[in-house]
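Trainee: I'm new to this one. Could you walk me through it?

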2 protein chains.
Amino acid sequence: MNPQLRIDLNDKLYLRDPQATDLGRRLIGQGVGLIDEIGFEQFTFKKLAQRMGSTEASLYRYFENKHRLLVYLVSWYWAWLGFQIRFHTHNVPDPRDRLRLTLGILTRAHRDDPTTADLDEAALYRIVVREASKSYLTRDVDGDNREGLFREHKRLVAGIAAVASEINPAYPYPHALISTALEAARKQLFFAQHLPSLTDAGTAGSVEQSIYAFLEGLVFGALGA
Amino acid sequence: MNPQLRIDLNDKLYLRDPQATDLGRRLIGQGVGLIDEIGFEQFTFKKLAQRMGSTEASLYRYFENKHRLLVYLVSWYWAWLGFQIRFHTHNVPDPRDRLRLTLGILTRAHRDDPTTADLDEAALYRIVVREASKSYLTRDVDGDNREGLFREHKRLVAGIAAVASEINPAYPYPHALISTALEAARKQLFFAQHLPSLTDAGTAGSVEQSIYAFLEGLVFGALGA
DNA sequence: TTATTTTGATAGTATTACTATTAATTTAGA
DNA sequence: TCTAAATTAATAGTAATACTATCAAAATAA
């Protein structure tokens, strides 16, 4: 589907571009695997270096700290998701159809897509589900934001919100609606897997089908469409 | 309003009940202050002990680790919120009115209420906004869940979801809807303060008013009511 | 008043989150 | 292809974190 998908991220995210070198690409590829396995709090550059057969000091030349790596991975995911959405909706004239397709993509994009290069999207999605909100729920949000670290997230929300506004130009909360839907898509999947009494997804049919139907009702209900 | 509000939490949350001793109560009171000031990741029992004029070892006798303290504080908040909701809605017959009142409470309960005993609810709410999801987004969710650490959160969601079901018994996703709304109330406030382009709250009128209006449209829209 | 519990004081450990230095190796340019 | 520059590996080191252990002092309960 995307043989040479090139994703350019804010260069403030890293000290040295990890896509530019072999070590950098292995850092990302294996980093995703390790964070997925042991979780972000247990993850350290030392452990990753051991697994990669490299050294802690070498990895610290790519990212200031592990938090920047997380923000990088999450940004990469938002950018990739934005690409998927544009790719699948670019010839669809009706904004309702575009919004429906978009909701479908963000509930199951990670499944359909063949693995891009050295990145395991399914593992990355598990990381996004579990860790994405930690990228901004920190003491330094404001500083990080000033550096533009959340640009991809904002871009994605703005893009989908524009479709919502096309459907109902009078609706006053398109950004809130889309950021909520984006968050809900991940949270409800997490709840279905770990805290099922906080959701209803999976009680009838597949979890992803339920989440899609829930989101569709939520978004179109709010838009009064 | 609640002179002797007694909140009983799952005793798995702590090693020794912090409400039972003077040191324990100071731990909670000052712990809230310190987490609010420096954030959960920078927070340590050593720093808290210094501020309290106690010792690290003494505090570790109350909580296994700082994560348990966070879960305790968040659980306390959910329990307190549930109490506020029951208190303000207990004589309201129409479920729509009850749901509207509930949404109002969860967007601004922390403002109206006078400080309970030694707990600063405004600070606690800031902690809930910023840190609550970290209480379950961990590697040990399943274990923690088996111990019942998320009971208060579930109880709150179930209670409000029941009202939603009363309004529209055919609606298939009441738990998803309410857990989403609960999360959105906090997230949108955080976005308004730190990442305003992810929300619309505050562009017209007060942030809390906007969040309330957004949630009302979202929830009643989904319920088709 | 004695026994029990709780706290404080102190010390110690393994791990984390880095930084610094230097030597080996790779890569890029002339 | 040789040389210079950049990159990585290897090693070492530091301050802070997340605890645990021990023991004496103080408070409390029987």
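Trainee: How many salt bridges are there between chain A and chain B?

Mentor: Keep in mind that this is a predicted model. One of the bridges joins E183(B) and K187(A), with the closest N and O atoms 2.7 Å apart; that pair qualifies because the cut-off is 4 Å. Between chain A and chain B, the count is two salt bridges.

Trainee: Which helix of chain A gives the most to the side that touches chain B?

Mentor: Several helices of chain A supply at least two residues each to that side, among them helix 1 (22–38), helix 8 (151–167) and helix 9 (174–194). The top contributor gives 14 residues, and that's helix 9.

Trainee: What area is buried between chain A and chain B?

Mentor: The contact draws on 50 residues from chain A and 49 residues from chain B. On chain A's side, L137(A), R139(A) and D200(A) lose the most area, together 17% of what that side buries. Carbon and sulfur atoms give 60% of the total, which is about 4,200 Å².

Trainee: Is Y171(B) buried or exposed?

Mentor: Y171(B) pairs with Y173(B), 6.0 Å centre to centre and with 85 degrees between the planes. The relative accessible area of Y171(B) is 11%. Buried means under 20%, so Y171(B) counts as buried.

Trainee: How is the aromatic pair of Y14(A) and Y72(A) arranged, and what is it called?

Mentor: Y14(A) sits in the segment before helix 1 and Y72(A) in helix 4, 58 residues apart. Both are buried. Their centres are 6.1 Å apart with 70 degrees between the planes, and an angle over 60 makes the pair edge-to-face.

Notes:
Residues numbered from 1 in each chain as written. Chains lettered and ligands numbered in written order. Predicted model: local features only at pLDDT ≥ 70, side-chain atom pairs only at ≥ 80, totals over all residues. Heavy atoms only, no water. Contact = heavy atoms within 4.5 Å. Buried area = accessible area lost by both parts, 1.4 Å probe. Salt bridge = Lys/Arg side-chain N within 4 Å of Asp/Glu carboxyl O. Helix = DSSP H or I, 4+ residues; strand = E, 2+ residues; numbered from the N terminus. Phe/Tyr/Trp six-rings, centres within 6.5 Å; stacked < 30°, edge-to-face > 60°. Buried < 20%, exposed > 50% of the residue type's maximum accessible area, 1.4 Å probe, protein only.
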